[in-house]
Amino acid sequence: MESREADFNILLATDSYKVTHYKQYPPNTSRVYSYFECREKKTENSRIRKVKYEETVFYGLQYILKKYLEGRVVTKQKIQEAKEVYREHFQDDVFNEKGWNYILEKYDGHLPIEIKAVPEGSVIPRGNVLFTVENTDPECYWLTNWIETILVQTWYPITVATNSREQKKILAKYLFETSGSLTGLEYKLHDFGYRGVSSQETAGIGASAHLVNFKGTDTVAGIALIKRYYGTKDPVPGFSVPAAEHSTITAWGKDHERDAFEHIVTQFSSVPVSVVSDSYDIYNACEKIWGEDLRSLIESRSSKAPLIIRPDSGNPLDTVLKVLDILGKKFPVEENSRGYKVLPPYIRVIQGDGVDINTLQEIVEGMKQHKWSIENISFGSGGALLQKLTRDLLNCSFKCSYVVTNGLGVNVFKDPVADPNKRSKKGRLSLHSTRNNEYVTLEEGKGDLEEYGPDLLRTVFHNGKIISCYSFDDVRRNAGLKNTELEEEIQ
């Protein structure tokens, strides 16, 4: 399957220093085995980071395999291109032309590599192996860590999906506490991040990772990526609603904000519509325009087509509380079975400014203290959801743990004296689920004993072919909040 971009060259998709590594391994090395994990951060200062991220959502490897590694990825032209680039880049002939020609001739340009991984969407505690990589041909021992660079880029979808899921846990807790139900949970956090990311590809990957946990997005790029590389039973995996931006309000002029509001809600009378209302004075807009001038128009809307008022400036918690208080005075508020206030079903609020995992927590806690149900609100998050993340957040790491040299297998590891957190695992690894439903990584090939049951790592890639595929529905199912997690959050 030739699904990757035609001009992509795997020979140029590695860190420069890796080009020279084939000359650095011990003589007669025939196998290199490496693994990927999100390391535990045992000495982390919890006062600095409010969220500990104790477990991760594994997602995104399938995209990389299908787009960049599957099929005939080595050609004469690509070898020649790489040879010329590296000759100039290093000012020396260090490129392993012989090795790449071997792959071209013996495997018709398919990579002699085996990758085993946990199922996509799996929620695995930090410090466990997530996937392993090894060469299948002894001549290609150097290839395992050549592809580290591109494989470690799974840190991004893993981190987005993990951060998004942690926010889902917060929303589930407060939604249930203030309403007694989880209805609408999957639409409570909407992706506003398209313009805030670094590229079209980042947008697609990041948006798809968020959609593992939620169904609301304005980052359309994620839909095409999911359809192409995962597939869903539904026509699309993410949804949105008509919404105003500041230009569609301010284009009417400051004296005609009311006309702008009326026009927009009339244009979209039978579906939910979100109207940004802070172009001039959010509080006046809520009190006078929505609460008085257009009140009867809003009251005529159905619960399936509410007006969603969007503040977009000010301190997020203060603004949300003040907007709710104003609307609560202008529209009939009811008390739900949990004793929390709920606006009538034809009017809701979305907070889309300054939302990250910490401010989200502050807003829902503040609402709870002021006896407002989380039923009243949804959130939009952009840069904090898709861009303000690094590989260090979850300490994503790829390390060699086993080699075969002169026919002898050796368990290898690193153990820096200055940083015990960076100590790596030894030997061939396997992942198991214990009787208590906890995960354990077995080192040094001990998984062969199968005392803990079968290895959860499954072969997903072998010699250029995708062996196991996951639909996006599989991913969502694997990543879903478990009853035990909900009980922990709600207690």
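The model is predicted: local features need pLDDT of at least 70, side-chain atom pairs count only at pLDDT 80 or more, and totals for chains, interfaces and linings use all residues. Residues are numbered from 1 along each chain as its sequence is written, and side-chain values use heavy atoms, with hydrogens and water left out. The structure holds 26 salt bridges. The count of aromatic pairs is 20. The largest pocket has a volume of about 1200 Å³.

**Aromatic rings**

- Rings of Phe, Tyr and Trp (its six-membered ring) pair if their centres lie within 6.5 Å; planes under 30 degrees apart are stacked, over 60 edge-to-face, and the rest tilted.
- Tyr59 and Phe472 pair edge-to-face, with 6.1 Å between centres and 75 degrees between planes.
- Tyr59 lies in the loop between strand E2 (55-57) and helix H1 (61-69), and Phe472 in helix H16 (residues 472-479), so this pair ties together parts 413 residues apart in sequence.
- Helices (H or I, at least four residues) and strands (E, at least two) are DSSP runs, numbered from the N terminus.
- Tyr59 and Phe472 are both buried; buried means under 20% relative accessible area, exposed over 50%, and partly exposed in between (1.4 Å probe, protein chains only).
- Trp155 and Tyr156 have ring centres 5.6 Å apart and planes at 75 degrees, so they too are edge-to-face.
- Both Trp155 and Tyr156 are buried.
- One aromatic cluster is made of Phe8, Tyr63, Tyr68 and Tyr229.

**Charges over rings**

- A charge sits over a ring if NZ of Lys or CZ of Arg is within 6 Å of the ring centre and within 35 degrees of the ring normal.
- The charged end of Lys371 is over the ring of Tyr340, 3.9 Å from its centre.
- Lys168 lies over the face of Phe214, 5.8 Å from the ring centre.

**Salt bridges**

- Side chains of opposite charge can pair when their charged atoms come close.
- A salt bridge here is a side-chain nitrogen of Lys or Arg within 4 Å of a carboxyl oxygen of Asp or Glu.
- Glu148 and Lys18 form one, at 2.6 Å from N to O.
- Glu148 is in helix H5 (residues 148-151) and Lys18 in the segment before strand E1 (29-38), so the pair ties together parts 130 residues apart in sequence.
- Glu148 is buried at 17% relative accessible area, and Lys18 is buried at 5%.
- Arg165 bridges to Glu55, with the closest N and O atoms 3.3 Å apart.
- Arg165 lies in helix H6 (residues 155-179) and Glu55 in strand E2, so parts 110 residues apart in sequence are tied together.
- Glu177 and Lys368 meet at 3.0 Å, N to O.
- Glu177 counts as buried at 14% relative accessibility, whereas Lys368 is partly exposed at 25%.
- Shared partners join Glu55, Arg165, Glu166 and Lys169 into one salt-bridge network.

**The largest pocket**

- On a 1 Å grid over the protein atoms alone, a pocket is an open set of points where a 1.4 Å probe fits, with protein on both sides within 12 Å along at least five of seven lines; lining residues have an atom within 4 Å of a point.
- Of its 46 lining residues, the closest to the centre are His190, Val241, Ile308, Ile350 and Ser378.
- Strand E12 gives the most to the lining, with four residues.
- The lining divides into 17 nonpolar, 18 polar and eleven charged residues.

Conventions: Points joined across faces, edges and corners; volume = space filled by probe spheres on them. Nonpolar A, V, L, I, M, F, W, Y, C, P; charged D, E, K, R; others polar.
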